[in-house]
Each structure stands twice: as structure tokens, then as C-alpha cells.
Amino acid sequence: MQQYDTNPELERRLFNKLLDVLIKAGLILALVITCYGIFSPFLTLMLWALILAVTLYPAHQKLAARLGQRQGRAATLLVLCGIVLIVLPTIWLTSSLADTITGFIHAMKENSLQIPLPAESVANWPVIGKKVYGIWHQAATDLPAFIQSMQPKIGNIAKTALGMVASMGTGMLQFIVSFAVAGIIMTYGLPGQQSARAISARIMGEDRGDEFATLCTATIRAVAQGVIGVAFIQAIMLGLVMAIAGIPAAGLLALFALILGIAQIPAAVIFIPCLIYIWSSGDYATAPAIAYSVLLVISGLADNVLKPLLLGRGVDAPMPIILLGALGGMVSSGILGMFVGATLLAIGYQIFMAWVAGHHLTPLAGKPAQLDDRTETTDSGNAS
């Protein structure tokens, strides 16, 4: 067997070099973990602020141009308008949702909840008809016994519902703070553009750094404006009309409308039952019933007008990706996580498809960079 001479001095130097690299890598890893632990409570807030800043930056630049390029004043005015037009109605609807849940729980505890008897046709429903009829009939005829038999499940549902309302309140407070942080990010848009492009170039290389930044910016805008923005605005409009009309559980219905809007399910699922309630309850005079019906129809069909205005040339990420991101984000981080999750998962999908495509940083589904022309893309990078 051939013997190889070893140089002890060379081995010692290599060992010292390797040990030096490992120590430095360990210190860097410890620093990263420590920084993440410190920053993690603010991660969702900062991500949402960044999404808002990227989405609203073109509007901020137009407003700043009208104000003589006063970036700070334009950002302040945009944040105040956003709080008045979005946050205040949302707080009202959240309060309505909390009142609905607490009122329902109180009525169950006081045995004052009235449940109508089921129709005989319910028992003829396929597969589940007899079971649904039996549960419904027991709840209508002997509510205390039904509550007693369902007590563990009802208690868990009530805790979950109240926890969701509390999460929505916390999320709304975070939204206000993130809106203010987004205003600061928009004010310092040029340094933000330079930093974003430098980070992109470091990650993806000099040749593809700008394409990567453009892809992220375009995807954030497409999802935030075209999907989440439209669903959010429509849900607020429907919720306000339902609350003014006195329809029960207006806040809860508005939340359902938001989820359905993100899933691209027509809002008719929500407003048609409301129309039936208005005209069949007998609690409304003819003129108010007509007025509320018109407002509900307008609000329910508003997405047909909002989508062409906000969606641009479309969202390249499939709707199931956006829906899963929204629902997963809501489960992990509350109502605010719904928006962050949908946007981040859409970005991740676009980047993954770009990697699959290989040669160019352009996903197979389309080219989100087409959402902006070159001039607007340059400005949009300021907040990315």
C-alpha cells in the first residue's frame, strides 16, 4: 500500500483555518437567531407595512407631485385618509361581530333563543336529512337539553369565536400601526429602492437582481390590489349596508364576504339571502326595503367595477394559492395574517415558477412585470 507523507505544519494551518471559519459561522448564526427572536414579534406588522407601502407607493407619488414633492406630507395625508376610509368602518363591523357573538352566547345561557321548527322536507334531504332534522327539531323544542348535550362543543366554539374577535381587534390595532410605518417607508422611497435592488442583486446576482425586485413588486401589487383589495372594499361596503339595514350578524356576514371574495366566489351568496330577509321579514316599509335592496345589489356587484380598476392585467398566481395563503395566514396570525399570508404565498409561487422556468426570471403562468410600465416600475421599486 502506498504511503503518503503528511505535513504537520500544513495540517495545523488547515485545522486552524477550519476552526476559525466554524467559529465565525457559529457567531453569525447566533447573531441571526438573536436578532430574529428580538424582531419576530414585529415581523407580521413590518411585512404588512411593506405590502402597504409597495401597493400605495404610486398613489403616494402622484399625491406628492400635487403637493410640490413633499414626500412626508403626502404620506401623512395618505395614512390619515386610509385610517378614516378603511379602519373606522372595519372597527364598526368588528364591534358588530363581537356584539352578535356575545348576544348569541347570552341568549343560549338565558334560554331566550328562539329557533323555528324545521320543515318536514328537511328530513328528505339526501344522506344528512334525517340527522339534521333530528338535531334541528330538538334545538327548537327542547333547547336547554340540546345545549346540555352539546355543551363541550358549544363551549369550544364560543371560545374560538371570541378568540377570533379578539384577534381581529388586535389585528386592527396592528393595521393602524403598520399603516403609519408604511407612511414612513413611502417617505424614504429612494433609499428603499436602492436597498431593495442591492439586496436583490446580492441574492440573485447582478444580472437578475432588478428582475427579481420587479417580480416581487408586481406580485405584491397584483395580489394586494386585485384580490385582497377588491374583496376587502366589497366586504366593508356590504357590511356597512347590512349594519345600517339592521340585518342580524352584519359583522359576521361581512367576514364571510371577505373570505368568499378572496376565494373569488360571487358575493351573491351573501346579499341574496339578505334581500330575501328584507322582503320576507315584514319589518321594513316599501321605500326603505327598496333602498336597502338597491344598496345591497350595488355593493354585491361592486367587484365587477373594482376589478378592472385595481386588478390591471390580472394576477398570475392561481386562486387556490392565494386562498390557501389567506386562510393559513388567518389561522397562524389572525385577521392581519390573512393579507400577509396571501401575498407572501403568491410571491413564493411566482419565484418558484421562475426557478422552474430556468433561464429567465419569468414564471410560466405569465409576466407580472407587465402590470407596470418601465417608468412606474422604477418608481414602484422605491417601496419594494
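**Exercise 1. Which residues does Leu-253 touch, not counting residues up to four places away in sequence?**

Solution. 
- Step 1: start with the model. This is a predicted model, in which local features need pLDDT of at least 70, side-chain atom pairs count only at pLDDT 80 or more, and totals for chains, interfaces and linings use all residues. Residues are numbered from 1 along each chain as its sequence is written, and side-chain values use heavy atoms, with hydrogens and water left out.
- Step 2: Leu-253 lies in helix H9. Helices (H or I, at least four residues) are DSSP runs, numbered from the N terminus.
- Step 3: list the partners. Leu-253 touches Met-242, Ile-247, Pro-248, Ile-270 and Cys-274. Contact means heavy atoms within 4.5 Å.
- Step 4: check one pair. Leu-253 and Cys-274 are 21 residues apart along the chain, and their C-alpha atoms are separated by 9.7 Å.

**Exercise 2. Describe H9 and say how many of its residues are buried.**

Solution. 
- Step 1: take the span. H9 covers residues 250-262 and reaches 18 Å from its first C-alpha to its last. That is close to the 18 Å expected at 1.5 Å a residue. The expected span is 1.5 Å times one less than the number of residues.
- Step 2: count burial. In H9, 10 of the 13 residues are buried, so H9 is largely enclosed by the rest of the structure. Buried means under 20% relative accessible area, exposed over 50%, partly exposed in between (1.4 Å probe, protein chains only).
- Step 3: name some. Among the buried residues are Leu-253, Ala-257, Leu-260 and Ile-262.
- Step 4: look past the end. Gln-264 follows H9 and has a positive phi, near 65 degrees.

**Exercise 3. Work out how H8 packs against H9 and H11.**

Solution. 
- Step 1: take H8 with H9. Their axes come within 8 Å and cross at roughly 155 degrees. This makes H8 roughly antiparallel to H9. Angles under 35 degrees count as roughly parallel, over 145 as roughly antiparallel, 65 to 115 as roughly perpendicular and the rest as oblique. Axes are lines fitted to C-alpha atoms, for helices over the stretch in contact, and angles run from 0 to 180 degrees between N-to-C directions.
- Step 2: read the residues. The H8 side includes Leu-238 and Met-242, and the H9 side includes Leu-253 and Ala-257. By class, this contact has 13 nonpolar, two polar and no charged residues. Ala, Val, Leu, Ile, Met, Phe, Trp, Tyr, Cys and Pro count as nonpolar, Asp, Glu, Lys and Arg as charged, and the others, Gly among them, as polar.
- Step 3: take H8 with H11. Helix H8 (residues 209-245) and helix H11 (residues 286-300) have axes that come within 9 Å and cross at roughly 165 degrees. H8 is therefore roughly antiparallel to H11.
- Step 4: read that contact. Its residues comprise nine nonpolar, three polar and no charged.

**Exercise 4. Where is Gln-69, and what is its phi?**

Solution. 
- Step 1: locate Gln-69. It sits in the loop between helix H2 (43-66) and helix H3 (71-109).
- Step 2: Gln-69 is partly exposed, with a relative accessible area of 46%.

**Exercise 5. How many helices and strands does the chain have?**

Solution. 
- Step 1: count elements. The chain has 14 helices and zero strands. A strand (E) would need at least two residues.
- Step 2: read burial. Of the 384 residues, 38% count as buried.
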